[in-house]
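Okay, thanks for coming, everyone.

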Amino acid sequence: MFNFNYFTPTKVVFGKDTEKTVGQLIKEFGGKKVLIHYGGGSVIRSGLMDKVTKVLDAEGISYVMLGGAVPNPRLGLVYEGIELCKKEGVDFLLAVGGGSAIDSAKAIGYGVTNEGDVWDFYDYKRKATACLPLGVILTLSATGSEMSDSSVITKEEGLVKRGYSSDFSRPKFAIMNPELTMTLPDYQTACGCTDIMMHTMERYFTNGGNMEITDQLAEGLLRTVMNNAKILVKDPKNYDARAEVMWAGSLAHNGLTGCGNDGGDWMAHKLEHELGGLYDVAHGAGLAAVWGSWARYVYKECLPRFKKFAINVMGVEATGTDEEIAIKGIEAMEDFYREIKMPTNLRELGVEATDADLVEMAHKCAVGVGGAMGSAKLLNEEDMLAIFKACK
């Protein structure tokens, strides 16, 4: 077990009709002029945005609005948001949506409060020293960005997708009403469940320190998401299942499931970032498409963890060699992906990658991680290319 710091300052307001508290919460955290940042028209069509603005009007809170956040949120919109905030004197950000709107809002918050180009943070050239305070009304259970310190942005030039983490960007509050996720397409719900599980598995498959209590929290979270993801395939309006998945999404990425280890592996995420940057695929689906190939490539170097995962999470019988058990666990996870209609390779993802594309993605991934990365197994550019080829 390693030493660790655990910091989760976000105030969570969970349950039905909690979006009605948004004005009180903004005032509680000192907001006077708000940028409401959102994605497409779904929050407008559903009537959520109308509810939010009526609450702010009643509370006497002024606001400006910026829509357009898309999956794999773009740097260009971040720049637009920064200029709008500076022009309007915005002192608080409200992200209404899923991870894309939240991540974009975090980047805007960095850009307003720090000099220079905000992309420098995502390009690892310097570190942020502040961020505008922000709150969240969550409409998609997936990224955990509503409680995390991280955000991911795509730079249009070169199609470069990079993440940056800093405690400055942790939301002040997160309003989480599971009912707001009921209008999601089935595919997005499944992508979200996949992302939640992957945030947990990235921290689970390590060769550096582990705690039994952390392991049991992680394993229980994974089983819970799997069980409820299957329920939502058949019953998308099931409130209890939506609630379980929504809370799991936050716990999966607020640091809880990584306490006592070395910080996690994260190479499946880094590999997917290149898929998302080049092909603009849904993040959860991209993760599912690369995970099996990554797992088969690294499991021998992290065999005790893969065996434990197979038995405790996937329900594999503890018979046979450790390698046989581990492989059965990987296969069982891929079966689960198929059950919720997630891809298990690039072809099923709808990506027809050329050999040149694979080489480009492996190179960009290696550059993005500083040459080599991984805890389950340290991967360099050659390894990354081999995994991309295996999942083609």
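**Holes and helices**

By class, the second largest cavity is lined by three nonpolar, two polar and four charged residues. On the classes: Ala, Val, Leu, Ile, Met, Phe, Trp, Tyr, Cys and Pro go in as nonpolar, Asp, Glu, Lys and Arg as charged, and the others, Gly among them, as polar.

Housekeeping before I go on. This is a predicted model, with local features needing pLDDT of at least 70 and side-chain atom pairs counting only at pLDDT 80 or more, while totals for chains, interfaces and linings use all residues. Residues are numbered from 1 along each chain as its sequence is written, and side-chain values use heavy atoms, with hydrogens and water left out.

What do I call a cavity? On a 1 Å grid over the protein atoms alone, a cavity is a set of points where a 1.4 Å probe fits but cannot get out; a pocket is an open set with protein on both sides within 12 Å along at least five of seven lines; and lining residues have an atom within 4 Å of a point. Grid points are joined across faces, edges and corners, and a volume is the space filled by probe spheres set on the points.

So, back to that second largest cavity. The space in there is about 40 Å³, and around it sit Y124, K161, R162, K270, H273, E274, C365, G368 and V369. Two or more of those residues come from each of β7 (160-165), α10 (267-279) and α15 (355-368). Which element gives the most? That's α10, with three residues. Helices here are DSSP runs of H or I, at least four residues, strands are runs of E, at least two, and both are numbered from the N terminus.

Now, α10 and α15 also pack on each other. Their axes come within 9 Å and cross at roughly 125 degrees, which makes α10 oblique to α15. Axes are lines fitted to C-alpha atoms, for helices over the stretch in contact, and angles run from 0 to 180 degrees between N-to-C directions. Under 35 degrees counts as roughly parallel, over 145 as roughly antiparallel, 65 to 115 as roughly perpendicular, and the rest as oblique.

The α10 and α15 crossing is right-handed. For handedness, left-handed means the near helix is turned anticlockwise from the far one by less than a right angle, and right-handed means clockwise. On the α10 side the contact uses M267, K270, L271, E274, L275, L278 and Y279, and on the α15 side D357, E360, M361, K364 and C365; contact means heavy atoms within 4.5 Å. Sorted by class, that's seven nonpolar, no polar and five charged. Notice that K270, E274 and C365 turn up here and in the cavity lining as well.

α15 has another partner, α16 (residues 381-390): the axes come within 9 Å and cross at roughly 140 degrees. So α15 is oblique to α16, and the crossing is right-handed. L358, V359, M361, A362, H363, C365 and A366 of α15 meet E381, M384, L385, F388 and K389 of α16. That contact has nine nonpolar, one polar and two charged residues.

Next, the other cavity. L140, S141, T181, L184, T189, L232, R242 and V245 line it, as four nonpolar, three polar and one charged.

Last one: α7 packs on α11 (residues 283-298) at about 55 degrees, axes 7 Å apart, so the two are oblique to each other. This crossing is left-handed.
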